[in-house]
Amino acid sequence: MNAGFPIPLQVNGATAPLCRLQGVTKSFGKLVANDDVSFSVMPGEVVALLGENGAGKSTAMNVLCGLYLPDAGTVEVDERPMALGSPAASVARGIGMVHQQFKLVPSLTAYENVSLAVDRGRVWQRRRPSDEVRRLMAEVGFDLDMGKPVWRMSLAERQQLEILRVLAQGARILILDEPTSVLSPLESERLFMLVRRIVARGRSVILISHKLSEIRQVASRLVVMRGGRVVFEGSAAGRSSEEIAGLIVGTRSVSLAARPASAPGPERLVVENLRVTGHSGRDSVHDVSFKVRGGELVAVVGVAGNGQAELLDAIGGQKPPSAGRIVASGSRKGRGFAFIPAQHLGVALAPGLSIEDNALLGVHRRKPFSVWLRRREVRRHCGRVQDTFGVVADPDSAIRRLSGGNLQRIVLGRELVGDPDLIVASYPTRGLDIAAAAQIRNALIARAAAGAAVLMASEELEECLAIATRILVMSGGRIVLDRATAQTSLNEIGRFMTAAEAS
Amino acid sequence: MRVRLEPRLTDPTLAAYALRAAVGGGLALALSAGLLALSDHPPASVLDALVRGAFGSWPAVQSTLSKAVPIGLCAVGIALASRANLINIGAEGQFFFGAFAATGIGLCLPEDTAHPLAVALVLGAGLLGGAAWAALAAIPRAVLGMSEILTTLMLNYICLLWINYLVRGPWADPLTFSFPYSPPILDAGQLGPVFGAIQGGFPVLLAAVALLAVVDSGTRWGYELRVAGDAPEAARYSGINAAWIVISGLCASGALAGLAGAIEISATTGRLQTGLSPGYGFMGVLVAWLAGGRPLPILLVSILYAGLLNGGFSLQIAHIPGAISTVLQATILICILGAGSLARYRIRIVRSTTA
């Protein structure tokens with residue numbers, strides 16, 4: 001497309017880019033993760049970096065941050081070349097990244113975390129924020145209690161702190177990697193206000209996100225990557241979500257199957273007066289009761305941290321409930337009950353083992369296998385798991401080398417083998433690209449249509465409205481709304497989600 | 001210009017392993033030669049004497065293969081526990097407790113017991129003894145989460161003192177005067193040599209190495225050990241009983257060390273004595289690490305280590321301090337481990353792009 005032509009850009013009257021990647025190429029073995037990647041970031045703009053999982057976004061950003069040394073290409077900041085492959089050089093030139101996994105020390109206070117990053121050379125830490133940090137907080141409008149230890153902060157507060165920390169280090173190009181995946185809609189709004197104030201003074205933001213509505217809301221320009229190349233670079237103004245989705249997935253069409261028609265079958269999951277005690281001693285799930293029947297696809301939604309994750313973990317057997325009763329058809333050890341936890345590596349998958357070993361996890365005590373694991377049977381089983389969602393990879397290679405989308409495909413493929421009657425999935429599409437998310441939604445719809453009971457937690461309300469037959473809204477650890485999807489609306493759900501917060 | 005280490009994204013191949021062993025070995029040789037020259041021993045003749053003592057003649061090879069048996073069995077056990085991320089430093093204690101149990105049976109059995117039965121009972125007692133001693137560390141680890149690294153290490157000292165007490169007190173042989181020996185076990189319980197003078201336990205070592213390979217690739221238990229070792233949360237998620245994995249893994253590890261002790265009693269000394277092991281259990285830790293826990297390399301490295309041990313003895317006969325052999329062992333270990341770590345990285349030379 002127009003990647004090869006330098007287009008004159010003009011944002012806020014400036015013509016010189018703050019930062020420019022030129023011909024960046026990086027390969028890992030045979031895989032070319034970045035192939036001649038070039039784009040620039042003007043001062044004061046929000047660039048949305050888009051692409052499916054494995055399109056090369058993370059590689060490009062890791063080159064920018066100095067974590068990877070590219071095989072070829074240059075990076076210029078303020079039209080002067082930057083030393084590559086050195087994180088310190090990138091920080092010194094004003095590049096800062098907020099990763100999905102925050103790099104904060106939980107036992108230290110907010111200020112101590114900032115101080116750790118800024119005053120690293122000082123022997124004695126200052127007890128209170130320095131003038132520069134306070135000026136920065138006022139300028140951008142951070143609303144943070146700097147004396148609070150990080151472990152007591154919500155995810156949204158931690159994210160603000162992480163952004164403040166990176167800005168305090170002198171970052172002028174702020175990279176946000178899927179920042180809203182841990183936020184509620186309201187918190188996302190606040191984040192975008194923060195982003196607008198950050199760019200107002202000539203800083204720039206590179207936003208990596210899969211949520212098209214957000215991108216249309218906040219980004220001024222789009223850079224789309226596919227297969228390691230930049231396939232589109234241009235203004236975001238006036239582009240519809242469909243158009244952007246088309247750019248991301250290319251020619252492949254993405255369509256959702258129809259929501260399962262609600263013909264309620266037998267009860268497959270009964271939860272009665274369930275109570276789960278959180279790590280702070282307070283109840284994170286409070287006296288929750290509901291039932292899921294065969295043929296239903298029930299979505300649990302709520303603002304992050306209102307008990308949805310804990311509820312699903314308790315049902316999946318990851319967290320013992322402190323009171324109440326869970327009756328499930330089938331057991332996790334036997335057949336019939338599939339549980340997909342929110343975290344893949346380390347919980348649903350053993351990161352150090354091969355794909356084949358992971359395809360066997362939890363299934364290894366079931367029928368075709370005995371105390372002897374026959375190689376041929378294991379191989380055949382792994383093939384079935386990989387084929388369910390089309391993961392093409394050597395079964396002997398390490399699982400941690402797979403992309404996030406493929407990890408989820410392996411977990412779901414494994415859990416859905418044997419046609420379980422009950423599927424409990426915690427955030428099954430979190431962080432997935434459009435095509436992968438659609439594939440997984442369609443699989444859940446298909447299982448429900450075939451008579452299985454499906455319970456899923458999700459943070460994307462539009463997804464839930466599109467595929468769920470019933471929606472449970474959680475707030476303050478309780479179910480505050482339990483309604484068939486056809487009888488509710490986005491507005492009503494939003495009102496119930498935030499009702500407890502407002503009071 | 002600067003040199004950078006970048007982590008490799010692909011697993012090292014077999015050739016890479018061989019290369020790193022060769023590079024590490026070569027480096028070890030060069031360093032040892034330097035050390036020998038510094039201490040006024042001609043490097044060439046010392047190394048010559050060492051290799052000759054280890055592999056220079058058929059009797060030397062036989063003796064080396066015999067010594068490889070206890071080292072290798074301990075190493076296989078340690079490698080097995082390491083699958084579940086359990087660090088067993090207590091092979092020495094388990095070795096001696098196995099030897100104690102084997103001697104106990106060997107002293108109790110009536111003299112007219114059939115030979116195969118007696119050998120089986122003596123070796124079986126060794127297996128159980130080693131497992132029991134390991135259980136002393138395994139159960140607190142499984143129930144209370146006490147570090148098995150510390151408990152297995154400390155249990156070594158307890159067991160060594162127990163053996164010392166036995167052979168000087170209740171089990172002291174009145175016929176050997178002041179030597180700390182027990183009386184000999186029954187003749188029928190003694191394992192004869194194979195292929196000439198190779199210790200009868202050598203086929204057992206081969207079987208143990210093969211067993212490790214089978215456990216790794218073809219059993220549910222071996223699979224569960226690996227999952228529990230790699231990701232305890234994932235083990236819980238998939239319904240693996242963590243306590244059972246800890247207890248079975250450490251006890252099996254101890255059983256192999258105990259078997260090594262019983263074989264030494266049955267095939268080498270015929271009686272319990274404090275000098276039964278020059279530290280086979282500790283050498284087993286080194287061998288398991290050097291071999292990266294893989295079955296075939298464990299066999300090869302334990303033979304190499306036994307060779308160093310034997311070569312050290314022949315150095316002493318030639319009036320060169322036997323400590324030289326210990327120094328060489330340490331040098332080889334450090335060099336090969338260093339080369340192994342480097343094999344996971346790629347060395348790149350970077351030209352600085354800007355000032």
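Q: Before we start, what kind of model is it, and how are residues numbered?
A: It is a predicted model, in which local features need pLDDT of at least 70, side-chain atom pairs count only at pLDDT 80 or more, and totals for chains, interfaces and linings use all residues. Residues are numbered from 1 along each chain as its sequence is written, while chains are lettered from A and ligands numbered from 1 in the order in which they are written.

Q: Which order do the six strands of the open sheet in chain A take?
A: The order is β6-β7-β8-β3-β9-β10 with mixed pairing, where strands are DSSP runs of E with at least two residues, helices are runs of H or I with at least four, and both are numbered from the N terminus; two strands pair if DSSP finds at least two bridges between them.

Q: And which are the edge strands?
A: They are β6 (95-98) and β10 (229-235) of chain A, each of which pairs on one side only.

Q: In what sense do β3 and β9 of chain A pair?
A: Strand β3 (residues 46-50) and strand β9 (residues 221-226) of chain A run parallel over four bridges, and A:L49 stands opposite A:V223.

Q: Switching to chain B, how many residues of α11 are buried?
A: Nine of the 11 residues in α11(B), which spans 280-290, are buried, meaning that 20 or more other C-beta atoms, placed from the backbone, lie within 10 Å of a residue's own. Among them are B:Y280, B:M283 and B:L290.

Q: What comes just after α11(B)?
A: B:G292 follows, with a positive phi of about 65°.

Methods
A residue is buried if 20 or more other C-beta atoms lie within 10 Å of its own, exposed if 12 or fewer, and partly exposed in between; C-beta atoms are placed from the backbone.
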